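Here is a short report on one protein chain. It covers a helix, a sheet and a few single residues.

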Amino acid sequence: MREGPPTNVEIDLDALWASVPCPTLVVDHAGVIRALSLSAGSALPGVGVGSRLEDTADWLWQAHDRLLTAPPSEDADEPAICGRVSGRKFDAHPAVLPGGEVAWSLVEDTGQVLREAQYSLAREQERTEFLLEASSVLMASLNVDRCREATVQLAARHLADAAVVVAPAGLGRRLPVFYGGQGGVVEQRSVDADPATVAGLGEALRGFPPVSSQWIDPDSVPDWLIPHDFAGSVGSLIILPLPGHGVSAGALVLLRRATHTGFSEGEEVFARLFAARAGAALSAARLYAEQAAITRTLMRDLLPPPLQAVHGVEFAGGYRASEDYEVVGGDFYDVHPAATPDDETLVVLGDVCGKGLDAAVLTGKIRNTLQALAPLAGDHEGVLTLLNKAMLSNEHTRFATLVLASVTHRDGEVMLRLTSAGHPPPLIVRDGGQVEEADTRGTLVGALPRITVRSFETSLAPGETCVLYTDGVTEARGGPLGEDFFGEHRLAAALTGCAGMPAEAVVERVLMLTTQWVGRRTHDDVAVVAITAPRRTHLTAVDGHTRGRYIA
């Protein structure tokens, strides 16, 4: 390290310098570095023998100059000498050599480094916990408005003095805007404004990357973008897109007061992470809302319709889907009213093999087909044959059981023609409480190329009822031991007490007894239809003199 050919002593010194653990410099009176350890070369970029100390670390040069100008006394406390080199903090310890040179040993302040590392780690842990909380809160609700409210509440509490979510405009120009402050109260307004007048807002609503907050003038923020309870003036703001699945979920605006420091680069990056999670949650809520609307529209056609009296005959229906699938299932019923009192009203009750949405979709196809075939209902076997051919032509392996009932009201009685196709035969509740089983049988629909059926004709006297039901009633498993079927005998016994009851009451009783039998156990789909002949009604004298009479 010195000029001239190296001696053995200098070679030993070179080996010694290589082994020095901390960066060490030997500096002469003029501030020129005469020697340095290998560790000094890695710790102090650009330093070398012959370079000047003040060019490497000015704070160390000043300490070196003070030491040579006024050396401290032996009993005086040595003042602490510290400074930074390339962002690292060092403590400098001098040693005056016999030749008057000074050896400076630099010890890195690992405590400060450790404290900074611990602070950074704690900060990242806090941010991670917040992002986990945000994801949990935002994904807890699939309601779009509640998700927007949660977004501004979380952002105002953790990221800024106030937060605003601007949702994309609907058909008009009015913007749905949600405002939140640190008090936790969220205000919603519908604002007639052009987002393009706010720098970065129009772009954020279209899903473009955000611009730096330093480029946005806080004085240009319009009043409609500031919460009513925001105290003071806006000192800085961030406008971030809320990215969605293919469609922007809106924009997030973070506001800070002029009395607070502006957003740092790290805070902007962290805010983008939060905005990404909020955008994903809002997008999921929007997709759920769209799917729910589509589902509701489809359910209106898949669910059995409400029934009412037709030409004096009472009709009532009840349906309960399997608890495993809910809402829709494979059981269904329909009533196709007659055009005139002399024509026949067609009642259909059926059960598709299977459960859930797939079965419900097939019931929709069957119901639509039967609606088209309703004008041909005078020939039950012909209708079932056409339906059977339609089901066999479709690409599915499901079959169905059906019962058809043609109903007409003539001469004070209700005439019935009943046809079962693989379905439990209807039960008829007579006026005296006797329960009869309709003598009708037939093959499944959609299982074989050809079906055979046998129809049954009967009539209902006033107050008598015909009950159509699916096997979800008789095969309901429950009872004291939890394994017994409700069965045909229990159903017939229950209907014995239904003589003279309205159709709606009969249906409710069957559903109630089935539910009680099952208890909290899972059950199959259940559908029940009651057809009741109108009762003769006693009319009381209106004027107190006319005697009552019975009319049909």
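Helix α4 buries W59, L60, W61, A63, H64 and L67. Buried means under 20% relative accessible area, exposed over 50% and partly exposed in between, with a 1.4 Å probe and protein chains only. The cover over these α4 residues includes β1 (24–27), α3 (53–56), β3 (82–85), β4 (88–96) and β5 (102–108). Contact here is heavy atoms within 4.5 Å. Helix α4 itself spans residues 58–69, 12 residues in total. From first C-alpha to last it reaches 16 Å, close to the 16 Å expected at 1.5 Å a residue. The expected span is 1.5 Å times one less than the number of residues. Helices (H or I, at least four residues) and strands (E, at least two) are DSSP runs, numbered from the N terminus.

This is a predicted model: local features need pLDDT of at least 70, side-chain atom pairs count only at pLDDT 80 or more, and totals for chains, interfaces and linings use all residues. Residues are numbered from 1 along each chain as its sequence is written, and side-chain values use heavy atoms, without hydrogens or water.

**The sheet**

Five strands make an open antiparallel sheet, ordered β8-β7-β6-β10-β9. β8 (186–192) and β9 (234–241) are the edge strands; each has a single partner, so one side of each lacks a neighbour in the sheet. Neighbouring strands are turned by 20° against each other on average, direction ignored. Axes for this angle are lines fitted to C-alpha atoms, and angles run from 0 to 180 degrees between N-to-C directions. Two strands pair if DSSP finds at least two bridges between them. Strands of a sheet pair through backbone hydrogen bonds.

| Antiparallel pair | Bridges |
|---|---|
| β7 (residues 174–181) and β8 | seven bridges |
| β6 (residues 162–166) and β10 | five bridges |
| β9 and β10 | seven bridges |

Some partners can be named. V177 bridges to R189 in β8. V166 has A251 of β10 as its bridge partner. I238 stands opposite L254 in β10. Strand β10 (residues 251–257) is mostly covered, with six of its seven residues buried.

**Single residues**

L362 sits in helix α9 (residues 356–373). L362 counts as buried because its relative accessible area is 7%. Its C-alpha lies 8.4 Å from that of R398, 36 residues apart along the chain.

How many disulfides does the rule give? The count is zero. A disulfide is a pair of cysteine sulfur atoms within 2.5 Å. C466 is buried at 0% relative accessibility, and C498 is buried at 1% relative accessible area.
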